Structures are given as C-alpha cells and as structure tokens.
Number of protein chains: 2
Amino acid sequence: MTAAGPDPAAEPPADGTARVVDAVRRAIVAGEFVPDQRLVEADLSERFGAGRSSVRSALLQLSGEGLVERVQHRGARVRAVPLAEAVEVTEVRMVVEGLCAAKAATRLADADRERLRGLGAAMREAVAAGDLLGYSELNQRLHALVRALGGQATAAGVLERLRGQNVRHRFRLALLPGRVAASLPEHLEIIEALCSGDPRAAEAAVRGHLRSVIAALPAVDRGPDLPLDSL
Amino acid sequence: MTAAGPDPAAEPPADGTARVVDAVRRAIVAGEFVPDQRLVEADLSERFGAGRSSVRSALLQLSGEGLVERVQHRGARVRAVPLAEAVEVTEVRMVVEGLCAAKAATRLADADRERLRGLGAAMREAVAAGDLLGYSELNQRLHALVRALGGQATAAGVLERLRGQNVRHRFRLALLPGRVAASLPEHLEIIEALCSGDPRAAEAAVRGHLRSVIAALPAVDRGPDLPLDSL
DNA sequence: GGGAACAAGATTGTCAACAATCCTGGTGCG
DNA sequence: CGCACCAGGATTGTTGACAATCTTGTTCCC
C-alpha cells in the first residue's frame with residue numbers, strides 16, 4: 001500500500017464531494033470567489049452539477065480548512081482575512097517554518113543541497129530578468145521545499161492549512177515595488193544556512209525573512225485589487 | 001477561526017449536529033472511544049438519537065479538527081496518534097507556544113502577573129501534597145493562560161487544534177514517577193520569565209520546558225493504559 | 001416619519017430511502 | 001493446499017422532499 005507514492009497528476013474521476021471541494025478551493029484561491037462572498041448551497045450545487053448534499057459536505061470540509069466560514073442557519077461565506085490576521089498567520093508561519101528549517105538543516109543530503117542552490121540560482125535569474133511572477137512561483141517552491149525537507153508532517157500540515165488563508169496577501173507581495181530586492185538576499189541566506197547544516201542559523205534566517213515579510217504586509221494591504229488572471 | 005472552540009461553559013440547548021460533535025469529541029478525549037475504534041454512522045446515530053445526517057456532518061467536522069480519520073467509502077475511526085507523531089505535535093507546540101509567550105511577556109498587566117504567580121504557588125502546593133491530578137489540571141491552566149495572554153488568536157487556534165490530538169499522552173505524563181519534580185521548576189521559570197517582561201527569556205523558558213516534555217514522551221508511551229475515569 | 005409586528009421568500013438543517021462501494025465468507029479450479 | 005472468483009452482508013455516499021430558521025419587505029400604529 002505504501003508502494004506507490006501520491007501521484008501529483010492523478011484522480012481525474014473525482015466523485016461528487018471531493019470534486020466540489022477541489023473546485024471551490026480553486027475558485028477561492030484564484031480570487032473568483034471574493035472574500036465575504038456568500039456561498040449558497042443551491043447555487044454551487046447547480047454550478048458544479050453535484051447534489052446539494054455533496055456541496056454541503058464540501059463546505060463542511062473547507063470550513064475545517066479555514067477557507068470558508070459557516071454559521072448556523074446562515075450559510076457559508078468565503079472567509080475574509082483582515083490585515084491583523086494576516087500578520088498573525090505570518091507570525092505563526094515564522095516559528096513553524098523556523099522549526100522545519102532547523103530540522104531540515106540536520107538532515108540534508110547532497111542532492112538536497114543541489115536542489116536548494118538550484119532554486120537560489122533560478123531566483124537570482126528571475127530577479128535579474130524582472131520576472132516577478134516567476135520569482136513568486138520560485139518563492140513558493142522554496143518554502144515548500146523547506147517544509148518537505150524538515151520531515152515534520154505535523155508542521156507541514158499546519159503550514160499547509162495556514163497557507164490557504166492569505167493567498168491574497170501573498171500574491172500581491174511579490175508585485176510590491178522594491179520587494180524582491182529585499183527578499184532575494186534573505187532567501188539566499190536561508191539556502192546558505194540550510195546547506196551549512198547549522199540548525200540555529202537556518203531557523204534564524206527563516207525567522208528573519210518572515211519578519212521582513214510581516215513588515216511589508218501593511219503596504220500590501222493598502223494596494224489595489226489585482227486581476228489575478230495570471231493563475 | 002472557525003468556531004469549534006470547546007467553550008467550557010456554554011450552549012445548553014445544542015441542536016442536532018452541534019450536539020453530536022460535542023458528544024463524540026467528549027467521548028474521544030475521555031477515552032471512551034479508543035484510538036482506531038471504528039465510528040459507524042448508524043451506531044452513533046442510534047446512540048445519540050440523531051439522524052444519520054447529523055452524525056455525518058459531525059464526523060466531517062471532527063475530521064477537520066483532526067480527531068477522527070475518514071477514508072472514502074471506508075468510514076471514520078478515532079485517529080490514533082503514534083509516539084512519533086506525538087513528538088511532532090509537541091515540537092510544533094514548542095515553537096508556537098514560544099511565540100505566544102514572547103508576545104505575552106510584552107503585554108502583561110499587573111493583574112496578569114498576579115494570576116501567573118498564583119498559579120505557580122498552587123502548583124508548588126499540589127506537588128508538595130502529592131496531588132498529581134491537581135497538578136496536571138494546573139498545568140493545563142498555565143498553558144492555556146500563556147495562550148490567552150499572547151493575544152494571538154491564530155496561534156491559539158493552532159494550539160487548540162493540536163491539543164486534542166495527544167490528550168492521551170498528556171494525561172499520562174503527569175502520572176509518570178518523578179516527572180513533576182522536573183516539571184515544576186520549568187513551569188516556575190516560565191512564570192518568572194513572563195513576569196520579568198523579557199520576550200526572549202519567556203520563549204526560551206517555554207521551549208526548554210517542552211523540550212523536556214518531548215524527552216519524557218517515550219517513557220509515557222510505554223506505560224500501560226490508564227483508567228482515565230478521572231475526567 | 002419612525003419603529004414594532006408580521007408575512008412571504010429564501011436558505012439551511014434533517015429525515016428516510018436508494019444506489020454505490022467495500023469487506024467477509026465460501027466455492028471451485030489448478 | 002493455495003488462490004482467483006464470486007455472492008451476501010454491511011456501511012458509506014447521494015438524492016429528493018420536508019421542517020426549521022433566518023432575512024427582507026410591508027403594514028400598521030404611535
């Protein structure tokens with residue numbers, strides 16, 4: 001049963017509930033469903049061609065993930081994450097991702113170091129080329145890699161759950177003028193600290209980076225709504 | 001975050017789903033439902049006098065809280081938390097509760113200091129009197145207080161979610177011979193560091209304490225099953 | 001004109017029945 | 001004897017209808 005790993009590109013014939021969960025989640029992170037938008041069961045049912053029961057289960061599940069908010073007899077709506085909470089989320093990410101980095105630093109194989117440094121080089125190039133979206137993508141890849149290398153499933157789960165909550169802020173962050181200039185050296189420092197195998201340094205580097213992200217969040221929040229077509 | 005917070009004194013007339021959620025959660029943390037036990041919808045439906053639909057919703061919600069595990073077409077069972085995962089959970093608790101402590105240290109009012117020192121004194125007395133269960137209760141109160149004083153709703157939510165996952169191990173920890181002797185000074189150090197208003201010291205004290213808890217976990221895991229009637 | 005009482009509409013929560021799926025035991029063939 | 005195969009039972013997933021609850025617009029009285 002443990003033989004075949006989770007295929008990253010599988011499950012086209014997802015049945016009712018699972019399919020709706022996926023579709024709604026995708027619509028939320030893509031910005032198609034805006035914060036505070038009501039999610040009426042009957043509407044979603046018709047839109048996705050699934051029974052109201054499946055939609056209901058899906059909303060229950062998404063509520064558990066913190067993406068939608070439900071109140072008794074009043075339905076579900078897309079959870080709005082105000083700036084103050086985005087800061088809180090990032091603070092928690094700071095310490096938990098710091099833990100992952102510290103653990104990762106003591107477990108690296110040579111192949112891992114290569115992947116990390118490869119990512120670092122790609123980031124440098126993206127910045128040099130002015131490819132903000134590509135950089136944002138690499139950014140996520142780096143953080144995901146740190147999560148994975150930590151080998152801490154619980155921490156990874158917590159981070160995954162938090163990740164969904166401030167997609168909005170995170171997407172805009174990379175587009176903030178001058179942000180990448182500050183972000184790139186921090187990322188490179190994380191990579192170097194990890195490769196050096198020093199857990200304290202790795203944790204400190206991750207914390208420093210996310211502290212800087214927190215400092216930049218207020219500016220992001222004041223920004224205008226973006227198209228986000230680029231997904 | 002989402003509701004789900006076990007309010008110690010509220011909602012007497014809980015209707016269908018909410019009532020089942022509460023009852024099942026209580027049964028799980030009380031040990032009435034043992035790990036890996038199957039939770040058949042029809043059985044629970046009859047036991048709690050609620051429609052299978054309500055039971056279903058309840059299981060969905062509890063699955064979101066991480067208390068039960070569900071697999072497609074194979075039903076739900078009480079999540080078993082193996083030692084390795086209990087360690088992981090405590091590691092995450094270590095850093096997140098450290099964050100709460102650091103933030104709390106900078107926000108304390110005099111009344112808070114009094115409450116903290118009062119808890120410390122009560123702990124000393126409980127240990128002197130050999131009241132292990134009372135000490136365990138005070139222990140939880142202290143950790144809850146740190147959570148609350150941090151004023152970090154997101155962190156508190158994460159911790160609340162993790163708390164439910166290793167009740168089993170946590171309950172037995174206090175009963176481990178010689179454990180309280182190591183635990184008490186650590187708790188007192190946390191209290192002093194908080195009262196001194198130094199965030200770094202507070203975080204370090206919390207981390208040190210939970211590191212010691214982690215070290216003690218393997219011994220707990222080997223212990224026999226306890227009655228747990230004391231709830 | 002302002003606000004409480006009320007009724008209609010909309011939406012969620014629950015129930016019972018049906019279909020789909022999985023697990024368990026037995027059966028027959030090699 | 002071992003193993004693929006196949007009913008039978010048990011359990012979950014889904015559908016549709018009904019009851020309970022909330023929201024909104026209206027009316028009536030002060």
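Colleague: Which residues line the second largest cavity?

Modeller: This is a predicted model, in which local features need pLDDT of at least 70 and side-chain atom pairs count only at pLDDT 80 or more, while totals for chains, interfaces and linings use all residues. Residues are numbered from 1 along each chain as its sequence is written, chains are lettered from A in the order in which they are written, and side-chain values use heavy atoms, with hydrogens and water left out. On a 1 Å grid over the protein atoms alone, a cavity is a set of points where a 1.4 Å probe fits but cannot get out, and lining residues have an atom within 4 Å of a point. Here the lining of the second largest cavity consists of B:Glu97, B:Leu142, B:His143, B:Val146, B:Ile190 and B:Val206.

Colleague: What lines the largest cavity?

Modeller: Both chains take part, with A:Val158, A:Arg161 and A:Leu162 alongside B:Val158, B:Arg161 and B:Leu162, and helix 7 (153-163) of chain A and helix 7 (153-163) of chain B each supply at least two of the lining residues.

Colleague: Is A:Val55 buried or exposed?

Modeller: Buried means under 20% relative accessible area and exposed over 50%, with a 1.4 Å probe and protein chains only. A:Val55 is buried, because its relative accessible area is 0%, and this residue lies in helix 3 (residues 52-65) of chain A.

Notes
Helix = DSSP H or I, 4+ residues; strand = E, 2+ residues; numbered from the N terminus. 1 Å grid on protein atoms, 1.4 Å probe; cavity = no way out; pocket = protein on both sides within 12 Å on 5 of 7 lines; lining within 4 Å.
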